[in-house]
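Here are my notes on the model. Please keep the structure open while you read the points below.

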Amino acid sequence: MEIKSSNVGEIQVLRITGRFDSYETGRVSEWLDQACAQSPAKVVLNLAEVNFVDSSALALMVKGMKRCRQQRGDLYLCSLQQPVRVIFELTRLDKAFAIYTAETEAVSAFG
Amino acid sequence: MTTARLLLDLVNSRRDPVARMAAAWLGAGAQAFALADSGGLLAWWPNSSPPPLSGALVAPVSINGRPVGELRVFGVNGDHSQARLKADALLLSQIGSMETELNEMTGELIDNQDQLLALYDLTQSMRSQLEVVDVLHTLAQSAGRLLKATAAAAVLIERDSPLLIHYPQPFLDDQTLLNLLAQCRISGNHLLLNAGDPVNPLPTGTAGAIFEPLYVRGQIKAGLCLLRDTPFGSPDHKLARAICDQGAAAIETALLYQETLAQARLQTEAELAKNVQLRLLPQTLPHVNGLDMAAASLPASVVGGDFYDCQQHPGEPFMFAVGDVTGKGMPAALLMAMTRTLLRSKTRSLHKASPADILGSVNDDMYDDFSEVSMFATVFVGQYASHENLLYYANAGHSPVIYSPAGGEAVLLQADGTALGVLPLNLCENHALYFYPGDVLVAATDGFSEARNLAGELFGYDRLLRLVESLATQSAQSIANTLFQTMLDYSAGHGQDDDQTLVVIKGV
């Protein structure tokens with residue numbers, strides 16, 4: 001798994017590549033800790049290159065989302081591949097997250 | 001040893017050659033022959049009367065270059081006699097030097113042997129010690145005695161708290177000892193200190209100190225400090241080094257033993273936790289009219305986050321649940337126990353509660369706790385009303401739940417609510433489906449759909465659906481057994497990634 005971060009104004013974007021599972025959550029967790037330290041914490045996770053997420057990764061994203069909301073921000077997801085979208089639908093986490101088809105869309109949704 | 005004693009010792013130990021030397025002089029016409037040092041006459045020949053006080057030829061004797069006295073001969077004169085006397089003195093000097101050297105070597109040999117024996121004793125006694133404190137105590141005590149120190153101390157920094165042992169009494173305060181250890185860590189070397197050292201002042205009456213570092217697991221984590229009323233030299237350092245090497249090995253052994261012990265204790269605790277958790281799962285499944293049932297749970301680690309539960313209270317429909325707390329191990333197990341208990345109490349206390357009511361209420365109670373530890377739990381709750389052949393259920397983010405109607409195609413019963421602990425309000429709804437003889441419901445956890453083979457390929461939902469479909473004519477127990485066995489075969493050589501739990505119910 002690889003991660004690459006960038007900023008669009010005050011919005012922090014993280015692009016993740018590869019499997020996103022319990023063996024790989026450490027670095028994303030560290031990045032989210034830093035990102036959530038800001039207020040407002042506006043975060044976009046771009047999962048375009050992610051082909052698998054497990055429950056640890058889901059738990060990490062839920063944790064990030066809750067902390068961003070506490071910091072007057074939010075955590076948006078974008079560009080989910082079909083297998084990943086299915087996992088979100090099966091666990092109904094698609095109801096908990098704002099999910100966008102493209103990164104630009106997610107970024108502009110912060111307004 | 002004083003120089004005066006040296007010549008006396010020589011005369012005493014080599015009386016014969018000296019007496020022959022004297023006899024030769026007397027035979028050659030000398031009146032008397034004597035040996036003297038700064039303290040006066042030591043021996044004389046003929047021994048009937050002391051030699052006169054003056055009128056002697058004199059030749060100095062020195063041992064190892066140091067003057068120790070002289071030979072005196074009376075009643076002879078001339079250059080020849082003077083030269084002969086000088087030669088005799090030289091001969092005696094050489095004998096003396098060799099004698100001294102031999103004594104020193106013998107002394108050293110005895111010392112070395114003593115030290116070897118003491119080191120051997122030290123090694124033996126340390127080998128039997130399994131407490132770090134005891135090892136440090138032996139180290140300070142033995143090194144103190146072997147190096148004739150007035151005081152000794154051993155210090156060890158393991159984890160964060162330092163351990164200090166003094167022998168026989170504390171002589172330097174703890175902070176000073178820790179400072180010395182810190183200096184050793186920086187330089188990587190021992191410290192030899194003398195009285196009047198500006199950086200590390202020594203207590204009054206102390207002439208020298210030595211601080212030897214101990215390498216424990218490749219790092220300087222301990223040290224030995226010795227104080228003495230005479231300065232320490234290079235041989236002392238070598239001996240201290242040898243003792244410290246033994247000490248370091250003994251400390252490593254003791255640490256390893258302590259760790260093994262702690263690990264065994266943890267293992268026992270984990271086993272206890274496992275037993276407690278297994279007891280939380282239903283020990284037997286109730287008999288429910290119209291249903292054939294099987295259930296089992298196989299944690300990936302000693303304890304897991306998966307659970308299942310069944311309850312049947314008089315006048316209430318049969319209730320069952322399958323859940324999965326995110327993560328593995330002890331944290332997941334603790335939350336699993338909480339979730340399962342709350343589900344039970346809600347089922348009992350909320351009269352005629354629907355599956356969605358129960359899940360919503362558990363979420364209300366546990367949302368804050370789940371958020372606090374950044375976890376959540378997916379839960380499927382089913383209720384079976386046998387008189388109406390109806391299965392009511394609500395699904396909070398749980399998958400896979402597979403419904404395989406008799407003779408029909410197996411389908412996933414997808415969740416409509418998020419997992420417990422994700423959102424403050426849980427919005428899952430109640431659903432109902434007819435459940436007739438031959439219909440099968442398998443509520444499993446993602447340890448089944450996400451089992452991986454050696455190539456890393458997931459077992460996946462499709463394969464799981466087809467498998468359940470193909471097994472649907474068998475008994476609930478047989479379906480459960482085959483599902484577990486299939487996962488075991490599929491992930492052969494790869495190991496179990498996640499907890500695997502399932503409840504199988506079949507209409508009969």
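1. Start at Pro168(B). This residue sits in the loop between strand E6 (161–167) and helix H5 (174–187) of chain B. Helices (H or I, at least four residues) and strands (E, at least two) are DSSP runs, numbered from the N terminus. A cis peptide bond links Tyr167(B) to Pro168(B), with omega about -15°.

2. The model is predicted: local features need pLDDT of at least 70, side-chain atom pairs count only at pLDDT 80 or more, and totals for chains, interfaces and linings use all residues. Residues are numbered from 1 along each chain as its sequence is written, while chains are lettered from A and ligands numbered from 1 in the order in which they are written.

3. Ser399(B) and Pro400(B) are also joined by a cis peptide bond, with omega about 0°. Pro400(B) is in the loop between strand E14 (390–396) and strand E15 (401–404) of chain B.

4. Most residues other than glycine have a negative phi, and most peptide bonds are trans. Now look at Ser79(A): its phi is positive, near 60°. Ser79(A) counts as buried because it has 21 C-beta neighbours inside 10 Å. (Buried means 20 or more other C-beta atoms within 10 Å of its own, exposed 12 or fewer, partly exposed in between; C-beta atoms are placed from the backbone.)

5. Arg217(B) has a positive phi too, about 50°. Its loop runs between strand E8 (208–216) and strand E9 (219–228) of chain B. Arg217(B) has 11 C-beta neighbours inside 10 Å, so this residue counts as exposed.
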